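Subject: Handing over the structure

Dear colleague,

I am passing on the structure that we spoke about, with some notes on what was found in it. Please look through it first and then read on.

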Number of protein chains: 2
Amino acid sequence: MDKVVIGVDIGGTNLRAASIDRNGKIVSRKSRSSDAKKGIEYVMENLISLLTEMIADENISGIGIGIPGIIDVDKGILTQAPNISEVKDYPIKEKLIHELGSAIDVVTENDANCAALGEWWLGAGKDVNSLIILTLGTGLGGGIILNGKLWRGVNGMAGEIGHMTIDPDGPKCNCGNFGCLESFASAEAIRRMVKEGLRNKNLNTILRNEIRHVTIHDIPEIVGKAARIGDKFSYEIWESFGKALGMAIANLTNLLNVEMIIIGGGLSNSWDLFIASALIEARKRGLRAPMEYVEIKKSELGDDAGLLGAGYLALMGASNNR
Amino acid sequence: MDKVVIGVDIGGTNLRAASIDRNGKIVSRKSRSSDAKKGIEYVMENLISLLTEMIADENISGIGIGIPGIIDVDKGILTQAPNISEVKDYPIKEKLIHELGSAIDVVTENDANCAALGEWWLGAGKDVNSLIILTLGTGLGGGIILNGKLWRGVNGMAGEIGHMTIDPDGPKCNCGNFGCLESFASAEAIRRMVKEGLRNKNLNTILRNEIRHVTIHDIPEIVGKAARIGDKFSYEIWESFGKALGMAIANLTNLLNVEMIIIGGGLSNSWDLFIASALIEARKRGLRAPMEYVEIKKSELGDDAGLLGAGYLALMGASNNR
C-alpha cells in the first residue's frame, strides 16, 4: 500500500489536516476549531482528537505539523507562539507520541517554513531550487528554500522576514523594534493605517462607516472591497502595503539572488491591489541583474501550502530536509 | 609533493598573490600594482606577469582569483567591475588559460565571497558552519556561507549586502537606489558625512584642516585619528556608521539565523570606533533568540582573507564549493 501521511496546519482559528499521498495528492481532509485563545492544552486536545480519527480511517506512516511559532525542531518543542495562549517550551512531539503511540513519526515545523516547502514541492515554485515565501496574514512570516532544502538557520529561526527593518523611524512593532516590514505589510499594519487615517475628521472615506465593530481578520477584506470600488484612502493603504513589500523583495533579492519570491498567506488574495506598487518599488531599489532573474509569483496552493509542506516533511522524515 | 595553489586578490590599487599549501599555509607572496584605472587589459597584463613568475618558481596545480565585481563563475567571465575601467563581460578564465596553458585549473570568484571562504576556512569563522562577512572598504561587500558552502545564488550574485535599503529616504547610492547600507557604512559614506558636516561653517572640528587634498582612501583613517583624540564630529560619524551596520546585522540575523557575522575589509581597523553603536543597534532591532546565538567578530585574516579564500577554491576545484 502506498505511503500516506497527515499534514496539519495549526491556525489561530482552525486546525486543518489532510491525509496526503507520496505524490502530494490530498486523499482526505478534516478540520476543527483550534481554540488557540484558550491555550495550548485546548489546541492539543483538539489536535489529538482530530488525528486519532484520521489515524483510525487510514494507514498513516507519519504526521507533519506546521505551527505559527518558533520551534526547536530536533526536540519537537514549541518555544514561542504569539497567537496561542500559554505557550512556553511546550513539548508537542513528546505529547503526541504519548497519546498516539510511537509507531507514527511526528515532525514539527514553523508554518511559514511549511508553506515554503509546500509551494516548492507542488505549487508556484515547483520548477525552481531556491525561493523565498512571504506569508501575509495577521503578521508577516517567511520561509527560505535554498538548493531544494529549507534553510532553517542554526536554531531553526531563520526566515523572520517580517522583522526586517525597512524604515528605522517607522511605527513600533510587537517585537519591540521600530519600522519592521510586518508593521507595513500585514493585517495588523492595515488596521494601524486605517486607524491613523480616520483620526483626520476631514478624511473622506467609506471606511468610516464600514470599519466599526469588526475584528482584525475582517479589516483587510473591507479595505480591499473599498479600494476596488474607488475609495481613495483604501487604495492608498494597499499602495503603501505594496511599497513596503517591494522594498523587502529588493533586499531579499540583492542578498540571496534566489530564483523566485512567492507571496502567500490570506492577504495574497489582495494581490491585484498591492502588486503594482510592490514591483515598482522592488525594481527601483533592487540591483538590475538579480532583479532580472527573480520571478515574483502569487502562491498557487493558497491555504493548503502549509499542510502540504508539513506533509512533505513527514514523507521525507525529519532528518532529510535539515 | 604537496599540492600548492595560488590565491590572488585583485584590488583597485594592488594585485596580491600567495602560494598556499593544502593546510592554508602561505608559502610565498608576490604583489604588484594593478593599474585598475588604466583598464582591464593592464590588470590582466600585470596579473599574467605575476602568475608566470610564481608558476616558474613552484609546482602549482591551481589558481583562484578574487575579483571586486560580478562574475559568471561557470564561464569565468567578469560581468561588471565598478572599480576596474572598461570591464564588460571580460573572459578572465579563457584569457588566463590561453596565456598560462590549460594544465593549471583557474577559478574566479567575487572578492567578498573569497573573504567569506577564507575566514571560514582559517579565520574567525573556522569553528562554524554558517556565517556572513561584511567587507568594509570603498564600498561594502558581502559573502554568505551556509552549511559550510558559499551561497552564490542562482547567478552568483548573492551577498550584495551593501545594497540593502536601511533608510528609504537616505542618500542616493551609486547603484541608483536611495538609503543603501553602503551609503552609511563605507569609505564613500564617511566622505559624504564629512562633506555634509563641513558645509556648516560653525561646526568645530579638526577635520576642516586635515581633510583637504586627500583621496577617499585616506579619509577613514583621518576621521578615525580625529575621533580617537576627541573630535566630536568625527566620533559621531563613526557612531552613525556603526548604527547602520547594526541595523544590517539585525536584519541579516533575523533573516538567516547564522552562527556568526564577521566584519572585515580595510575599515574593520576602526572596529573600536563603530562596534559599540553597532551592537547597541543590532540588539535593539534584532529578535531576541537569534541575536543571542549570533557571534559578531572582527576578521582574523585581515587583508589575507580574500586570497586565502581564493586559494581554498583552487584547492577544492571549481565544482566542489558551488
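Which residue in S3(A) does Ile20(A) stand opposite? Before the answer, please keep in mind that this is a predicted model. The residue that stands opposite Ile20(A) is Ile26(A) in S3(A).

S1(A) and S2(A) make up a hairpin, with three residues between them. S2(A) is in turn joined by seven bridges to strand S3 (residues 26–33) of chain A, and this pair also runs antiparallel. Here too there is a hairpin, in which four residues lie between S2(A) and S3(A), and Gly24(A) in the turn has a positive phi of about 85°. Strand S2 (residues 14–21) of chain A is largely enclosed by the rest of the structure, because six of its eight residues are buried.

Lys37(A) is found in the loop between S3 and helix H1 (40–57) of chain A, and it counts as exposed because it has 12 C-beta neighbours inside 10 Å, where the cut-off for exposed is 12 or fewer. Although Lys37(A) and Ser85(A) are 48 residues apart along the chain, their C-alpha atoms are separated by 5.4 Å. Asp89(A), placed in the loop between strand S6 (77–80) and helix H2 (92–100) of chain A, has a phi near 50°, which is a positive value in a residue other than glycine. Asp89(A) is exposed, with 10 other C-beta atoms within 10 Å.

Asp35(B) lies in the loop between strand S3 (26–33) and helix H1 (40–57) of chain B, and it has a positive phi of about 55° although it is not a glycine. Is Asp35(B) buried or exposed? With 20 C-beta neighbours inside 10 Å, Asp35(B) counts as buried, since the cut-off for buried is 20 or more.

**The two domains of chain A**

The domain assignment divides chain A into domain 1, made of 4–116 + 304–321, and domain 2, made of 128–299. The C-alpha centres of these two domains of chain A lie 27 Å apart. Where they meet, 11 residues of domain 1 of chain A are in contact with 16 residues of domain 2 of chain A. On the domain 1 side, strand S5 (70–72) and helix H3 (111–122) of chain A each supply at least two residues, and the largest share, five residues, comes from H3(A). By class, the residues on this side of domain 1 of chain A are seven nonpolar, two polar and two charged.

**A sheet in chain B**

In chain B there is an open sheet of five strands, in the order S10-S9-S8-S11-S12 and with mixed pairing. Strand S10 (149–150) and strand S12 (295–298) of chain B stand at its edges, each with a single partner strand, so that one side of each is left without a neighbour in the sheet. Strand S8 (residues 131–136) of chain B is joined by five bridges to strand S11 (residues 260–264) of chain B, and these two run parallel; the bridge partner of Leu131(B) in S11(B) is Met260(B). Helix H3 (residues 111–122) of chain B packs on this sheet and touches S8, strand S9 (140–146), S10 and S11 of chain B, with its direction at about 50° to that of S9(B).

Chain B is superposed on chain A by a rotation of 180° with 0.0 Å of shift along its axis, at an RMSD of 0.0 Å. The two copies are therefore related as by a two-fold rotation axis. The same surface serves both copies, since 100% of the contact residues of chain B recur in chain A. In this interface, 34 residues of chain B are in contact with 34 residues of chain A. The elements that give two or more residues to the chain B side are helix H7 (232–256), helix H8 (271–285) and helix H9 (288–293) of chain B, and H7(B) gives the most, with six residues. That side of chain B has 20 nonpolar, nine polar and five charged residues.

With best wishes

Definitions and conventions: Residues are numbered from 1 along each chain as its sequence is written. Chains are lettered from A and ligands numbered from 1 in the order in which they are written. This is a predicted model: local features need pLDDT of at least 70, side-chain atom pairs count only at pLDDT 80 or more; totals for chains, interfaces and linings use all residues. Copies are superposed by least squares on the C-alpha atoms of residues with pLDDT of at least 70 in both. Two residues are in contact if their C-beta atoms, placed from the backbone, lie within 7 Å. Domain bounds come from an automatic or database domain assignment. Ala, Val, Leu, Ile, Met, Phe, Trp, Tyr, Cys and Pro count as nonpolar, Asp, Glu, Lys and Arg as charged, and the others, Gly among them, as polar. Two strands pair if DSSP finds at least two bridges between them. Axes are lines fitted to C-alpha atoms, for helices over the stretch in contact, and angles run from 0 to 180 degrees between N-to-C directions.
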